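Hello,

Here is the structure I promised to pass on to you.

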Amino acid sequence: MAVLKSKRGISNLEFENNFVELYRFSSMHISKVPKRKKKWLCEDINKDMNLLYKKVMDINELYFRSKSARSLYISESTSSIEYILKDLNKHLLSLWNIQGYDFNTMEKWAMLIKKEIFLLNKEGCDNFIDLNINILDWDYINKAIFLKNMSELHRYTHSKVINAKNDFDDTDGNLLISLVNDAFYELILANTKVPKTKEEYEVRRNHISKAITYLREMNRPMLFYFNMMEYSERIMVEWSELLVNELKMLISLQSSDKERFKNLP
């Protein structure tokens with residue numbers, strides 16, 4: 001079917017228009033990331049964005065016998081869309097920390113995603129995407145010593161893996177990046193708000209516990225890197241201290257949190 005020149009590239013559906021803007025915005029910033037870093041910072045983001053693009057296109061292009069059938073399809077798709085968005089947010093947080101993005105850029109990125117969630121929810125009927133998109137508060141991170149140290153450990157680990165031999169990329173390098181990304185993400189989630197109830201405290205405690213587990217699991221692949229890369233004493237000490245100090249601070253944080261939040265309703 002022919003499309004008028006003035007209408008080409010224009011969707012009748014607002015959620016598709018917004019997603020295209022989000023997609024272009026993400027692509028523009030990702031294109032500026034140095035080539036060697038793209039493997040570690042951008043591949044997962046691109047994968048999630050393409051999966052979301054397919055979901056959005058399906059909603060618009062698939063044939064539905066009725067509006068109710070279309071709404072039902074959207075509702076049934078929300079769980080997978082929410083999962084992809086959650087994964088996307090995790091990888092964006094890693095990108096933002098490693099590249100040191102400014103607040104305005106992160107906020108614009110997050111607002112486009114939040115708008116997409118709102119518009120998709122408006123198109124559906126029963127099930128809704130219930131997900132907050134987090135950005136990095138540099139002032140808060142720099143004031144909280146355990147977050148500042150985690151941010152530095154995250155960057156340091158990425159720098160060592162990025163500049164290591166390519167032979168290790170798909171084994172210990174991949175494992176290290178995955179573990180440090182997950183630990184960083186869990187701490188960001190743990191500090192999105194101050195708990196007001198016991199349930200909220202338990203959510204925070206579980207996030208911190210997961211971060212501790214991921215950091216502990218970094219020990220073995222780090223030792224492999226020490227042996228295979230033959231780092232200087234300075235590098236091994238710097239990297240080890242960041243990890244050991246973070247673990248000490250998080251274990252101490254769990255103890256202080258227990259006392260601080262013990263009387264919550």
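**How α3 and α4 pack**

Helices α3 and α4 run roughly antiparallel to each other, a label used for angles over 145 degrees. By class, their contact has 13 nonpolar, two polar and six charged residues; here Ala, Val, Leu, Ile, Met, Phe, Trp, Tyr, Cys and Pro count as nonpolar, Asp, Glu, Lys and Arg as charged, and the others, Gly among them, as polar. The axes of α3 (residues 43–61) and α4 (residues 67–99) come within 9 Å and cross at roughly 160°. Those axes are lines fitted to C-alpha atoms over the stretch in contact, with angles running from 0 to 180 degrees between N-to-C directions. Helices are DSSP runs (H or I, at least four residues), numbered from the N terminus. The residues that meet include D44, I45 and D48 from α3, and R70, Y73 and I74 from α4; contact means heavy atoms within 4.5 Å.

A word on the source: this is a predicted model, in which local features need pLDDT of at least 70 and side-chain atom pairs count only at pLDDT 80 or more, while totals for chains, interfaces and linings use all residues. Residues are numbered from 1 along each chain as its sequence is written, and side-chain values use heavy atoms, with hydrogens and water left out.

N121 lies in helix α5 (residues 103–123). With 15% relative accessibility, N121 counts as buried (under 20% relative accessible area; exposed is over 50%, partly exposed in between, with a 1.4 Å probe and protein chains only). Leaving aside residues up to four places away in sequence, N121 touches F128 and I129. The N121 side chain also reaches the backbone nitrogen of I129 at 2.7 Å.

K38 sits in helix α2 (residues 35–41) and is partly exposed, at 27% relative accessible area. A polar atom of the K38 side chain lies 2.4 Å from the backbone oxygen of V33. Not counting residues up to four places away in sequence, K38 touches I30, S31, V33 and E43. Along the chain, K38 and I162 are 124 residues apart, and their C-alpha atoms are separated by 9.6 Å.

E230 is in the loop between α10 (219–229) and α11 (233–260). At 68% relative accessibility, E230 counts as exposed. Its phi is near 50°, a positive value in a residue other than glycine.

Best wishes

Terms used: Helix = DSSP H or I, 4+ residues; strand = E, 2+ residues; numbered from the N terminus. Parallel < 35°, antiparallel > 145°, perpendicular 65-115°, else oblique. Polar contact = N/O pair within 3.5 Å; in protein donor to acceptor, adjacent residues only side chain to side chain.
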